[in-house]
Amino acid sequence: MANTFEKIPTIKYEGAKTTNPLAFRFYDPERMVMGKPMREHLPFAMAWWHNLCAAGTDMFGRDTADKSFGEQPGTMEHAKAKVDTAFAFMQKLGIRYFCFHDVDLVPEAEDICETNRRLDEISDYILEKMEGTDIRCLWGTANMFSNPRYMNGAGSTNEADVFCFAAAQVKKALDLTVKLGGRGYVFWGGREGYETLLNTDVKFEQENIARLMHMAVDYGRSIGFEGDFYIEPKPKEPMKHQYDFDAATAIGFLRQYGLDKDFKMNIEANHATLAGHTFQHELRVSAMNGMLGSIDANQGDLLLGWDTDEFPFDVYDATMCMLEVLRAGGLTGGFNFDAKNRRPSRTPEDMFYGYILGMDTMALGLLKAAELIEDGRIDEFVKERYASFNEGIGAKIRSGETSLEELADYAQKLGAPKMPGSGRQEYLESIVNSVLFG
Ligand code: XUL
Ligand code: CO
C-alpha cells in the first residue's frame, strides 16, 4: 500500500493562535460544552465519495488530483487501497464515522451479482479494519443516479425492470449498512423528479417511490436495522425538479405515505440554499417536526446556482446550525462532510486542510451557539414576544378553548387593537455579533 499520508502527523488541538496548518484551532475533542465533550456533540463523518473517489473532474476538465493511492483505479486492489487510506485519514483526524454509496466502495461490474460479490469482499475487509478502532459507519446508501439505467429515476422510473434494479441495490446497501453497524440509511433522490410534465405521471412516480421506501423499511427491520432512514432533500440537480424539494415537502410526503415513524431528515447546507432557504430554516423545520436526524455539513456559493459542496467555512451559518442542533437535543446521526476540495487544491495535504477547516468551523459554531444559549437574551426575547398567548384570551386560543364567534366578539369590544411589539431584529443581530466577535 502506498502511504499517501506518510508526512502527515496526527492532527491535534493547538488553539486559535497556532500557525501550524496541520492542527485544530477550535476542535478540542475533550473540551466540555454544555455538559458534554465536543466529540459527543460533533460525531463527524468522512464521505467516501468525495474524499477517496473524486479527483477534480468537472464538466470542462479531467482529474487534477491523484487518488490512485498506488493502485490501478477500477480494480479491487484500488478499492482496498481506498479502505487503507480511509482508515489512515480518519485516525489521523480523530473522525469516528464514515458514509458511503455502494459504488464508492468497489468498481461497479456489468452484472449486479458480481458487484455484490465485490461488495461482500470489501465489506469483510472494512470490518477487519474496524476491529480495534472506534471507527463506525454513520450511514450507507445506494447510488441510484450514476448508472445510465437510472436516467428516468430509480423509484420513480418508468421501467419496471429498472425499479427492480433499484430494489436490488437498496437491499444490498442495507445489508452492508447493517454489517458495518451503520446508524442510518439515506435516500437521496437525485434522479427522482422530472424534466417535463409532458411525459411524467407525478402521482404514480411518487407512489412508487413510497412503495420502494416501504419495502426498504420492511426489509431493513427484518435484518435487524434499528437506525433511522433518512430523506436528504434537494430541490434540483441533476433533475430540474426533484420530488424531495426541501424538508417541508419531504416531511409532507413521508406523512402522506405513512413513512414518518421510520424516517427523519438528513439536511445538507448546500441543498438548503439551492432551495432558496437558509440552512437554519431547513434544520428548524426538521427539528420542530421531530425529524432532525443527520446533517451533511458543507456550504454552497450563493453566487453560483449549483451544488459546490465546499467545506464549511462560514462561522455565522455554523453557529445558527449548532443553535438548532443544541436546541433539538443533538442528532441521532452525525455531521457528514459531504464536501470536496476545490479543484486546484489537489494534494494529500489539502484533503486534511479541508477537514480541519470543516471540523474547526463546526466546533467554533458549537462554542458560539452554546454561548448564545447561555447568554439567554435571544431565547428570552422570543419567549416574551409571544407572552400575550400566556393568559386571558391568548391562553384560550393556545389551548383551543374558543371559537371564531368569541374572538370576533372580543375584537369588537376592543375597538382598535394595539400594535404588536417591535421585532427588534437589529438588536438581536447585534447580540449575535457581540457573541461571535466580542
Ligand atoms: C448529492 C448528495 C449526495 C448524498 C448521498 O448532492 O448530497 O452525495 O449525500 O447520495
Ligand atoms: Co449530501
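Me: How far does a polar side-chain atom of D307 lie from an oxygen atom of ligand 1?
Reply: The model is predicted: local features need pLDDT of at least 70, side-chain atom pairs count only at pLDDT 80 or more, and totals for chains, interfaces and linings use all residues. Residues are numbered from 1 along each chain as its sequence is written, chains are lettered from A and ligands numbered from 1 in the order written, and side-chain values use heavy atoms, leaving out hydrogens and water. A polar contact is a pair of N or O atoms within 3.5 Å; within protein, one must be able to donate a hydrogen and the other to accept it, and residues adjacent in sequence count only if both atoms are side-chain atoms. From the polar side-chain atom of D307 to an oxygen of ligand 1 is 2.9 Å.

Me: Which parts of the chain does the pair K234 and D307 tie together, and how many residues apart in sequence are they?
Reply: Their side chains meet in a salt bridge, 2.9 Å from N to O. The rule asks for a side-chain nitrogen of Lys or Arg within 4 Å of a carboxyl oxygen of Asp or Glu. Helices (H or I, at least four residues) and strands (E, at least two) are DSSP runs, numbered from the N terminus. K234 lies in the loop between β10 (228–231) and β11 (241–242) and D307 in the loop between β13 (292–296) and α11, so the pair ties together parts whose separation is 73 residues.

Me: What is omega for the bond between E237 and P238?
Reply: Most residues other than glycine have a negative phi, and most peptide bonds are trans. P238 sits in the loop between β10 and β11. The bond joining E237 and P238 is cis, with omega about 10 degrees.

Me: What phi does D309 have?
Reply: D309 is in the loop between β13 and α11. It is not a glycine, yet its phi is positive, at about 50 degrees.

Me: How much area do domain 1 and domain 2 bury between them?
Reply: An automatic or database assignment sets the bounds, giving domain 1 (12–374) and domain 2 (378–437). Contact means heavy atoms within 4.5 Å, and 9 residues of domain 1 touch 6 of domain 2. Buried area is the accessible area (1.4 Å probe) that two parts lose on being put together, summed over both. Carbon and sulfur atoms carry 67% of the total, which is about 680 Å².

Me: Which residues form a salt bridge with 2.6 Å from N to O?
Reply: Side chains of opposite charge can pair when their charged atoms come close. The rule finds 1 salt bridge across the interface of domain 1 and domain 2. The 2.6 Å bridge joins the side chains of D379 and R327.

Me: Which element gives the largest share of the side of domain 1 that touches domain 2?
Reply: The interface has 2 residue pairs in polar contact, both at pLDDT 80 or more. On that side of domain 1, the elements giving two or more residues are α11 (315–327) and α12 (348–375). The largest share, 5 residues, comes from α11.
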